[in-house]
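Here's a walk through one protein model, with a look at its charges, rings and greasy middle. Have the coordinates open as you read.

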Amino acid sequence: MSSLERLAPVPEARPVESPLRGRRYGADRLYLLPRDPRSVFAAWELSPSLHARAVEIARSRSASVRYVLAIERRDGEGSPEIPIAVVGIPDAVAGEGWYVSIARSGGECRAVLGLAFGRAIEPLIRSRWVPIPPEGPCP
């Protein structure tokens, strides 16, 4: 490129639409990503309609809306699901993400975003099962 080409007027810029933007706008999402063998990252986006449903569920139980993020673990497909971590979420509607420490490596985990009623959790949305790496080398 020459100096004259650099001084030439720039063609009108047009915004480039991301191929992912808008494809799932307004859809509820929950993702779980393993960070290392002992921690995971959960990210979510809740639609206004799911939040309204959560408010109705809480109202029907005469309780306030208290969102929680639970991490469930299983050894493999068909084995029982065991909750291994539960974290209170102050504002799940804002669409944030949280790092969560887990007590055991290996197996598979998934995230469950729901409402807390005492020790019980009313699930609203679940992530897919993701493999968690083992702490040592694989056999």
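## A buried arginine

First, a cut-off: a residue counts as buried when its relative accessible area is under 20%, and as exposed when that figure is over 50%. Keep in mind that this is a predicted model. Now take Arg73, which you'll find in strand β3, residues 67-74. Its relative accessibility is 6%, so Arg73 counts as buried.

What does Arg73 touch, if you skip residues up to four places away in sequence? The list is Pro80, Glu81, Ile82, Ile84, Arg104, Ser105, Gly106, Gly107, Glu108, Cys109 and Trp129. With Ser105 there is a polar contact too: the side chain of Arg73 reaches the backbone oxygen of that residue at 3.3 Å.

## Asp75 and its two arginines

Arg73 also makes a salt bridge, and the partner is Asp75, with the closest N and O atoms 2.7 Å apart. Is Asp75 buried or exposed? Asp75 has a relative accessible area of 54%, so it is exposed, whereas Arg73 is buried at 6%.

Asp75 meets the side chain of Arg104 in a salt bridge as well, at 3.6 Å from N to O. Arg104 sits in the loop between β5 and β6, and Asp75 in the loop between β3 and β4, so this pair ties together parts that are 29 residues apart in sequence. Arg104 itself counts as partly exposed because its relative accessibility is 46%.

How many salt bridges does the structure hold? The count is 10. One of them joins Glu122 to Arg61, with the closest N and O atoms 3.0 Å apart. Since Glu122 lies in strand β7 and Arg61 in the loop between α2 and β3, the pair ties together parts 61 residues apart in sequence. Glu122 is partly exposed, with a relative accessible area of 24%, and Arg61 counts as partly exposed at 42%.

Arg61 has another thing going on: its charged end sits over the ring of Phe117, 4.4 Å from the ring centre. Elsewhere, salt bridges link Glu72, Glu81 and Arg110 in a network.

## The aromatic pair

A pair of aromatic rings is described by how far apart the centres are and by the angle of the planes. This structure holds 1 aromatic pair.

At 24% relative accessibility Phe41 counts as partly exposed, while Tyr99, at 56%, counts as exposed.

In soluble globular proteins, nonpolar side chains tend to be buried together. Here the largest nonpolar core has 27 residues, and the ones that touch the most other members are Leu32, Trp44, Leu46, Tyr67, Leu69, Ile71 and Leu113. Which elements give two or more residues to this core? They are β1 (29-36), β2, α2 (48-60), β3, β4 (82-89), β6 (108-117) and β7 (120-126). The largest share, 5 residues, comes from β6.

For a closer look, pick Ile71. Leaving aside neighbours within four places in sequence, Ile71 is in contact with Leu32, Val40, Ile82, Pro83, Ile84, Ala85, Val100, Ile102, Cys109, Arg110 and Ala111.

## Back to Arg73 by way of Ile84

Ile84 belongs to strand β4. At 25% relative accessibility, Ile84 counts as partly exposed. Its contacts, not counting residues up to four places away in sequence, are Ile71, Arg73, Ile102 and Cys109. Take Cys109 from that list: Ile84 and Cys109 are 25 residues apart in sequence, and their C-alpha atoms are 9.2 Å apart in space. Arg73, the buried residue we started with, touches both Ile84 and Cys109.

Notes. Residues numbered from 1 in each chain as written. Predicted model: local features only at pLDDT ≥ 70, side-chain atom pairs only at ≥ 80, totals over all residues. Heavy atoms only, no water. Helix = DSSP H or I, 4+ residues; strand = E, 2+ residues; numbered from the N terminus. Buried < 20%, exposed > 50% of the residue type's maximum accessible area, 1.4 Å probe, protein only. Polar contact = N/O pair within 3.5 Å; in protein donor to acceptor, adjacent residues only side chain to side chain. Contact = heavy atoms within 4.5 Å. Phe/Tyr/Trp six-rings, centres within 6.5 Å; stacked < 30°, edge-to-face > 60°. Lys NZ or Arg CZ within 6 Å of the ring centre and 35° of its normal. Core = buried A, V, L, I, M, F, W, Y, C linked by side-chain atoms within 4.5 Å. Salt bridge = Lys/Arg side-chain N within 4 Å of Asp/Glu carboxyl O.
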